[in-house]
Amino acid sequence: MSCWDTIADYGLRSIGIGARLLPKEDFTLCQQFTLIGSGMLWNIYFGTLALISGFFLATALAVGKAAKNPFFRKPAEWFIFLFRGSPLFIQFFFAYFLFLSLKQVAPVFSPFTAAWLGALVVLFFNTAAYSGEIFYGALQSIPKGDIEAADAYGMTGWSRFRRIVFPTMMRLAWPAYTNEAIFLFHATTLVFFSGFPAWKQKGDALYYASYFADKTFNPFIPYPILAGYFIVLTLIIVGIFGLVNKRLNRHLPAERRTKVRFRPNIIR
């Protein structure tokens, strides 16, 4: 079997398209690259949807935490504290057994016991909490002169938030938010260890890397391949977020623009 045949057979196996059975012997580099790359589709799915949906909740949490009314401030503070104060790994297991219990009461919760939805919800809440704290810090760092200038122009409420507060908050928070986005995609590998079952037993990239490591008794090929895929994904994220950062700071002189740099979190 040529490498092109392998790609045709296994390139989309993680989403249920292609060969149903995994190779059992004589594993080639092409098979390992193809199947691990196929599993990356799930990691990209989890990271992309959680990041996009979490962005809006994070903005609401930041605004709520900065509100003077305790009716809005306290729920935002406790939500952020809960998801930032507990390990993501524990959140996966707690959510899985919670959804199992809810499934027995209401069948509508059945899809939440699968990884494609249940794990996505956990990642969504987790990244929203971390991003909300980042946005809150940026919100508190907005120069008072910007707010006073908006008031002088007669901007109030939604108009001031949309034209002054939100763009400035994004500009200040974007470098830190970039690192949160990178960590989120890396954290998608924890789905493999959580209790959530894979969709039709078609796992993510770590699922296939572990399969090859177990079958060949050689972890020094599949895991570096997996790391290589994530390095490429990280570079793509840094590039995309760098373009957005450049757009947010387009009005500033070049020497004053904040550049996006990858600073990995050693401890979450």
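Author: Start with the term "aromatic pair": two rings of Phe, Tyr or Trp (for Trp, the six-membered ring) pair if their centres lie within 6.5 Å. Planes under 30 degrees apart count as stacked, over 60 as edge-to-face, and the rest as tilted. The structure holds 32 such pairs. In one of them, the ring centres of phenylalanine 55 and phenylalanine 56 are 5.6 Å apart and the planes meet at 85°, so this pair is edge-to-face.

A word on the source. This is a predicted model, in which local features need pLDDT of at least 70 and side-chain atom pairs count only at pLDDT 80 or more, while totals for chains, interfaces and linings use all residues. Residues are numbered from 1 along each chain as its sequence is written, and side-chain values use heavy atoms, with hydrogens and water left out.

Back to the pair. A residue is buried under 20% relative accessible area, exposed over 50%, and partly exposed in between (1.4 Å probe, protein chains only). Phenylalanine 55 has 17% relative accessibility, so it counts as buried. Phenylalanine 56 has 57%, so it counts as exposed.

Now take phenylalanine 192 and phenylalanine 193. This pair is edge-to-face, with 5.1 Å between centres and 80° between planes. Phenylalanine 192 is partly exposed at 29%. Phenylalanine 193 is partly exposed at 44%.

Pairs can also join up. Phe55, Phe56, Phe135, Trp158, Phe161, Phe166, Trp174, Tyr177 and Phe241 are linked by ring pairs into a cluster.

The rule asks for NZ of Lys or CZ of Arg within 6 Å of the ring centre and within 35 degrees of the ring normal. Lysine 65 lies over the face of tyrosine 136, 4.7 Å from the ring centre.

Helices (H or I, at least four residues) and strands (E, at least two) are DSSP runs, numbered from the N terminus. The protein chain has 9 helices and 0 strands. Its C-alpha trace spans about 75 × 55 × 30 Å along the principal axes. Of its 268 residues, 42% count as buried.

Contact means heavy atoms within 4.5 Å. Take contacts between residues at least 6 apart in sequence: 74% of them join residues at least 24 apart.

A nonpolar core is a set of buried Ala, Val, Leu, Ile, Met, Phe, Trp, Tyr and Cys residues joined through side-chain atoms within 4.5 Å. The largest core has 57 residues, and Phe46, Phe92, Leu123, Phe135, Phe196 and Leu226 touch the most other members. Elements giving two or more residues to this core are H2, helix H4 (88-105), helix H5 (115-140), H7, H8 and H9. H7 gives the most, with 13 residues. A second, separate core of 7 residues includes Ala76, Phe79, Phe83 and Ala128.

Look at phenylalanine 196. Leaving out residues up to four places away in sequence, its contacts include Phe92, Tyr96, Phe99 and Phe112.

Now for helix H8. Its 12 residues should span 16 Å, and its end C-alpha atoms are 17 Å apart, which agrees. The expected span is 1.5 Å times one less than the number of residues. Buried residues of H8 include Tyr208, Tyr211 and Phe212. Their cover includes helix H2 (29-66) and helix H9 (222-248). Phenylalanine 217 follows H8 and has a positive phi, near 55°.

Threonine 189 lies in it, between helix H7 (157-187) and helix H8 (205-216). At 18%, threonine 189 counts as buried. With residues up to four places away not counted, it touches Asn43, Asp204, Leu206 and Phe230.

Phe230 takes us to H9. This helix has 27 residues and reaches 39 Å, close to the 39 Å expected. Its buried residues include Leu226, Phe230 and Phe241. H2, H7 and H8 are what the buried residues of H9 pack against. Leucine 243 is also found in H9, but this residue is exposed at 60%.
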